[in-house]
Amino acid sequence: MPRKPTWGTPTRSEHHPPLRRRWQYMVPAGIAAGGVLVLLVAPHFLGARSTLSPGSVTGGHSAIDARCEQCHTTGRGVSNVRCQRCHDPASGGRLTAAAHVLFGSGDPRKAAAAPDLACARCHVEHRGRRESISAVEDLQCARCHFGSLDRHPEVAVLRAAATEAPGLKFGHKKHIEEVMKQQGVSAALSCGSCHVKSRVNRDFEPLGFDQHCASCHAKQGSVGAVDPVPLTDVVDLEGLRTRGVAVAPLTAADFEMSRGKVSRPSVRHRDPWVMFNLEKLRAETDPDGVAAERARLEARIAALDRRLAAATPLASLDRAGLQARSTAIAREGAGAAARLASLASAGDATTGADRLQEVEAAMRAAGDGSAATEVAKLRDEASARGAGPAPLPAADFEARRQEVLSLLDAVAAADPALQPRVEDLRRRIVALVPGENSADLLARVRDQRQAALARLRDELALRDQGVAPPRAALLDADRRDLQRALSDARARLATLADLASATISDAERQRRRETAEVLAASCLKCHLLSGGVLAPVRAARPVLARARFVHEPHLLQADCARCHAGIEKSTLSKDLNFKGIQSCRECHRSFQASQDCRECHLFHPRAVP
């Protein structure tokens, strides 16, 4: 039956579905989304953080995986101060980008201009338990440096064509020939006679006289004799015992006395009588050199003492200790800022001259006329130059530094109450580098104190939140290195303190220099005499100052001559005998050996300066 048409506006029909409202499904969707959000967030507040975590942290950080706030800062992500809490527990600033620039360039101005890079930029977390957070991609290094080993510059010591001698007269040619003759081995195998693989690490054992040299250079334990020298120039055996010098196994039978002179028919390596008297004669013939060395040692001890004191992990301090350190660092920062402001407001060089005049007056009042004369010379030079002097050349800068350090010794001796102030000045003078002025140094100190203060405030905030400090510091080995360096410096300073310098005539000074040469005659077969003292035997300039190298894996691939070509013809100790970066490129290339920057190079500087 045909449907009857309806004319006009149609009315609602029961068999057509009704139109839905526009926002009908929004409310249930919002309720569902809220439920899902609650399901995700609720476990986070209940302690189950893995729900929102992008992945597991590395195995080394598994102990701190339970509380995100140990690393993450609200609104800022992972901040550097949270990384430093464990990895630089003393807040020394050693792990910053500025420290890296200073470590590489030695230029404080470049370091001050370095950007503040986030640790997380290179050390990426949440990639799994088995991943290494220290495995930094070369792309990060290439942002500032060359991008491949092919573009790696030559090793710095070769690029500079260094010619410093390492304190020893030594040529490989003669020794290799002697080993080949005695042992009947080839030149390639002769190296192992002296360079012995270490049992405790992956490199060689240190070279020592008794193990490597005595078999040829000491006949029945003797390295030579000492011709007669005046008794008035040296200290005899009984004198050494009186001073507490260890003289065993020396006895009176080892000395021959005749006509006011003493001689030794036989001396051993590092003979205590010879070594002590060489130091004594140096103090008498070169008092300025001894005073300069003493000043350097005292400055180094002051710097190491401060660094060791600052190396106390913040974890070992309670809240009162943290607040006390915060107050002290804030005071130091304010003092540096105040001195910086006074330098900026200074109009000319007369202020420095006036202070030198005050020091001169204090020296004269203390009865130290020679020190007062030196200060007067410095004051006159400062007044003559006027404002804005040009930077001193490196050699002149070092000489002037030694003069000032010697003057500080005189100030401390004249008034022991000024010792803390003197130590602070020593640290600042030693920290200066050629071309850097006081304003740059004070700005660096101010920035360091501000960074340390931020660390302390963050630690206090974490303590308030109930976040416990790390159970153990990761840099205990660095603290041991600092303590070892401090002990060595103090032992050397104690040796110099036992040496009394006296005013002698030029003729007496020349005679005692000749006596020193006679005493060291047996030593000078191999050693160098510098400034009246035997030069230390060590590398004149490290070949890899900012990199690490171990011989063991390389010796598995090639013999010594592969990298040290021509060493069998070397006759001088200053010869480097190293091919340079080209020897690295021969093996470290695609599909052979790794070219990763981190395989060799260090980013963060070592703890001991």
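A: Happy to! One term comes up throughout: a residue is buried when its relative accessible area is under 20%, exposed when that area is over 50%, and partly exposed in between, computed with a 1.4 Å probe on protein chains only. What you see is a predicted model, in which local features need pLDDT of at least 70 and side-chain atom pairs count only at pLDDT 80 or more, while totals for chains, interfaces and linings use all residues. Residues are numbered from 1 along each chain as its sequence is written, and side-chain values use heavy atoms, leaving out hydrogens and water.

Now to the core itself. A nonpolar core is a set of buried Ala, Val, Leu, Ile, Met, Phe, Trp, Tyr and Cys residues joined through side-chain atoms within 4.5 Å. The largest one here has 38 residues, and those with the most contacts inside it are Trp-273, Val-274, Leu-278 and Leu-519. At least two of its residues come from each of α10 (209-217), β3 (224-230), α11 (237-242), β5 (261-267), α12 (272-285), α13 (287-310), α20 (476-497) and α21 (506-519). These labels are DSSP runs numbered from the N terminus: helices (H or I) have at least four residues and strands (E) at least two. As background, nonpolar side chains tend to be buried together in soluble globular proteins.

Contact means heavy atoms within 4.5 Å. Setting aside neighbours within four places in sequence, Trp-273 is in contact with Val-226, Val-234, Val-235, Asp-236, Leu-240, Leu-250, Phe-255, Val-262, Arg-264 and Leu-519. There is also a second, separate core of eight residues, among them Ala-452, Leu-453, Leu-456 and Leu-460. Ser-326, in helix α14 (residues 319-345), touches Leu-453, Leu-456 and Leu-460, not counting residues up to four places away in sequence. With 11% relative accessibility, Ser-326 counts as buried.

Buried along α20 are Asp-478, Leu-482, Ala-485, Leu-486, Ala-489, Leu-493 and Leu-496. Viewed down the helix axis, these buried residues fall within an arc of 100°, so they line one face of α20. That arc is taken from the directions from the helix axis to the C-beta atoms.

A salt bridge is a side-chain nitrogen of Lys or Arg within 4 Å of a carboxyl oxygen of Asp or Glu, and the whole structure has 21 of them. In general, side chains of opposite charge can pair when their charged atoms come close. Arg-264, one of the contacts of Trp-273, forms a salt bridge with Asp-271 at 2.9 Å, N to O. Arg-264 counts as buried at 2% relative accessibility, and Asp-271 counts as buried at 3%.

Another pair is Arg-282 with Glu-293, whose side chains meet at 2.5 Å, N to O. This bridge links distant parts of the chain, with Arg-282 in helix α12 and Glu-293 in helix α13, 11 residues apart. Both Arg-282 and Glu-293 are buried. A network of salt bridges also links Asp-233, Lys-280, Glu-284, Arg-511 and Arg-512.

Strand β3 also holds Asp-227, which counts as exposed because its relative accessible area is 53%. Asp-227 and Arg-264 are 37 residues apart in sequence, yet their C-alpha atoms are 6.7 Å apart in space. Leaving out neighbours within four places in sequence, Asp-227 is in contact with Val-262, Ser-263 and Val-518.

Finally, look at the loops between these elements. Gln-220, in the loop between α10 and β3, has a positive phi near 55° although it is not glycine, and at 84% relative accessibility it counts as exposed. Arg-259 sits in the loop between β4 and β5 and also has a positive phi, near 55°; at 85% relative accessibility, Arg-259 counts as exposed. In the loop between α11 and β4 (256-258) you will find Pro-249, joined to Ala-248 by a cis peptide bond with omega about 10°.
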